[in-house]
Amino acid sequence: MTVDLSLFNHSVTTFLDHLTSHYGEEAELETYVICARVKCPNIPGGSALSWIVSSGGDEHAAGLLHGVLEALDGDGGTS
């Protein structure tokens, strides 16, 4: 599998820019999850989810992902 790292790097840069410009110095990043859907004909069902959770963040990951899904369902994922 090849990955265009420029897309990943741009996404991370955009995310970090957003965090630093919208939250003050007292803000603390509690957890992060990087999630991707991988599509491939040899995966049962044609696709699978892969994710990475920050060290120590696994207890918060499920709630974080649930919140993301709720937000996407709420506005159609347009924001």
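Helices are DSSP runs of H or I with at least four residues, numbered from the N terminus. The model used here is predicted.

**Exercise 1. Which residues make the nonpolar surface patch, and which element gives the largest share?**

Solution. 
- Step 1: List the members. They are Met 1, Val 3, Leu 5, Phe 8, Val 12, Phe 15, Leu 16, Leu 29, Tyr 32, Ile 34 and Ile 52.
- Step 2: Give the area. The patch covers about 1100 Å².
- Step 3: Assign the share. Helix α1 supplies the largest part, with five residues.
- Step 4: Val 3 sits in the segment before α1. At 55% relative accessible area, Val 3 is exposed.
- Step 5: Check one member in a strand. Ile 34 belongs to β1. Its relative accessibility is 36%, so Ile 34 counts as partly exposed.
- Step 6: Relate Val 3 to Ser 54. They are 51 residues apart in sequence and 21 Å apart in space, C-alpha to C-alpha.

**Exercise 2. Is Ser 54 buried or exposed, and what does it touch?**

Solution. 
- Step 1: Locate Ser 54. It is in the loop between β2 (47–53) and α2 (58–75).
- Step 2: Apply the cut-off. Buried means under 20% relative accessible area. Ser 54 has 8%, so it is buried.
- Step 3: Name the contacts. Leaving out residues up to four places away in sequence, Ser 54 touches Glu 30, Thr 31 and Tyr 32.

**Exercise 3. Describe the surroundings of Val 53.**

Solution. 
- Step 1: Locate Val 53. Strand β2 contains it.
- Step 2: Classify it. Its relative accessible area is 25%, so Val 53 is partly exposed.
- Step 3: Name the contacts. Not counting residues up to four places away in sequence, Val 53 touches Thr 31, Tyr 32, Val 33, Asp 58 and Ala 61.
- Step 4: Link to the neighbouring exercises. Tyr 32 is one of the nonpolar patch members. Thr 31 and Tyr 32 are also among the contacts of Ser 54.
- Step 5: Take a distance. Val 53 and His 22 are 31 residues apart in sequence and 23 Å apart in space, C-alpha to C-alpha.

**Exercise 4. Which residues form the patch of negative charge, and where is Glu 28?**

Solution. 
- Step 1: Name the members. Glu 28, Glu 30, Asp 58 and Glu 59 gather on the surface.
- Step 2: Locate Glu 28. It falls in the loop between α1 (5–22) and β1 (33–39).
- Step 3: Classify Glu 28. Its relative accessibility is 74%, so Glu 28 counts as exposed.
- Step 4: Glu 30 touches Ser 54. Asp 58 touches Val 53.

Definitions and conventions
Residues are numbered from 1 along each chain as its sequence is written. This is a predicted model: local features need pLDDT of at least 70, side-chain atom pairs count only at pLDDT 80 or more; totals for chains, interfaces and linings use all residues. Side-chain values use heavy atoms; hydrogens and water are left out. Patches are made of residues with over 30% relative accessible area and no salt bridge: like charges are joined within 9 Å, nonpolar side chains (Val, Leu, Ile, Met, Phe, Trp, Tyr) within 5 Å. Accessible areas come from the Shrake-Rupley method with a 1.4 Å probe; for residues, only the protein chains shown count as cover. A salt bridge is a side-chain nitrogen of Lys or Arg within 4 Å of a carboxyl oxygen of Asp or Glu. Lys and Arg count as positive and Asp and Glu as negative; His and the chain ends are not counted. The place of a charge is taken as NZ of Lys, CZ of Arg, CG of Asp or CD of Glu. Helices (H or I, at least four residues) and strands (E, at least two) are DSSP runs, numbered from the N terminus. Buried means under 20% relative accessible area, exposed over 50%, partly exposed in between (1.4 Å probe, protein chains only). Contact means heavy atoms within 4.5 Å.
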